[in-house]
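Reader: I have a model open on my screen and I'd like to learn how to read it. Could you walk me through it, feature by feature?

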Amino acid sequence: MSLVRRAVPEDAEELIRLRQVMIDSMAGADTSTEWHAESLATIRGRLADPDGGLAAFVVDHPERVGALGALVVGTLEYRIGRAGNPHGRVGYVFSVATDPEVRRRGYARACMEALVEWFREQGVGQIDLTASAEAAPLYAAMGFVRTPDPLMRLRF
């Protein structure tokens, strides 16, 4: 039996907690937590819609009842097709986090494998993510490669 399961709306608070763990580990990131309360209803709603284009896979914390040990979250995106991805379906991984207490147990990898399989089932032609230096070896071992495309962002 796999430790990995698809997240449900009742996991929303823990998803936010682990996302904050990830954010806190990023140099220069805005580590404020005021967004948590406002985000809670949104993530619950997205988790309640299995066909809404968002999937989160989690491992329950082995020592704390009701807590999560690891999570991976991804979304489906559509872009006009091209060579290698004629249908334009793209998976985007945007949150991978493991509780510091249970790192180095393979939980993030197991969650990533479940998300990659879910993307395959959705007919995705490519999966994109941004990787920290610490996480890059995991993704490389799974077949991800660096691309020359520089990421730029506009905020509103």
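**Starting with a helix**

Author: Helix 3 (residues 107–121) has 15 residues, which at 1.5 Å a residue should span 21 Å, and its end C-alpha atoms are 21 Å apart, so the two agree. The expected span is 1.5 Å times one less than the number of residues. Helices here are DSSP runs of H or I with at least four residues, strands are runs of E with at least two, and both are numbered from the N terminus.

Reader: Before we go on, what kind of model is this, and how do you count things?

Author: This is a predicted model: local features need pLDDT of at least 70, side-chain atom pairs count only at pLDDT 80 or more, and totals for chains, interfaces and linings use all residues. Residues are numbered from 1 along each chain as its sequence is written, and side-chain values use heavy atoms, with hydrogens and water left out.

Reader: Back to the helix, then. Which residues of helix 3 are buried?

Author: The general idea: an α-helix has 3.6 residues a turn, so residues three or four places apart point the same way. In helix 3 the buried residues are Y107, A108, C111, M112, A114, L115, V116, W118 and F119. Buried means under 20% relative accessible area, exposed means over 50%, and partly exposed is in between, using a 1.4 Å probe and protein chains only.

Reader: And what covers the buried residues of helix 3?

Author: The cover includes strand 1, strand 2, strand 3, strand 4, strand 5 and helix 4 (136–141). Just after helix 3, look for G123, which takes a positive phi of about 80 degrees.

Reader: Now the sheet. In what order do the strands come?

Author: Strands of a sheet pair through backbone hydrogen bonds, either parallel or antiparallel. Here five strands form an open sheet in the order 1-2-3-4-5, with mixed pairing. At the edges are strand 1 (4–6) and strand 5, each pairing on one side only. Two strands count as paired if DSSP finds at least two bridges between them. Ignoring direction, neighbouring strands of this sheet are turned by 25 degrees against each other on average.

Reader: How many bridges join strand 4 and strand 5?

Author: Four bridges, and the two strands pair in the parallel sense. You can find V93 standing opposite L129 of strand 5. Helix 1 (residues 12–24) also packs on the sheet, where it touches strand 2, strand 3 (68–78) and strand 4, and its direction makes about 90 degrees with that of strand 3.

Reader: Is Q126 buried or exposed?

Author: Q126 counts as buried, at 19% relative accessibility. It lies in strand 5 (residues 126–129). Leaving aside residues up to four places away in sequence, Q126 touches R79, R82, N85, R89, V90 and G91. A contact means heavy atoms within 4.5 Å.

Reader: What about the loops? Where is D11 found?

Author: D11 sits in the loop between strand 1 and helix 1, and it is buried, with a relative accessible area of 9%. With residues up to four places away in sequence not counted, D11 touches R5, V58 and L68. At 38% relative accessibility, D49 counts as partly exposed.

Reader: How many aromatic pairs does the structure hold?

Author: A pair of aromatic rings is described by the distance of the centres and the angle of the planes. This structure holds two. The rings of W118 and F119 have centres 5.4 Å apart and planes at 50 degrees, so this pair is tilted. Y139 and F144 form an edge-to-face pair, at 5.9 Å centre to centre and 65 degrees between the planes. The rule is that rings of Phe, Tyr and Trp (its six-membered ring) pair if their centres lie within 6.5 Å; planes under 30 degrees apart count as stacked, over 60 as edge-to-face, and the rest as tilted. Y139 is buried at 6% relative accessible area, and F144 counts as buried at 18%.

Methods: Axes are lines fitted to C-alpha atoms, for helices over the stretch in contact, and angles run from 0 to 180 degrees between N-to-C directions.
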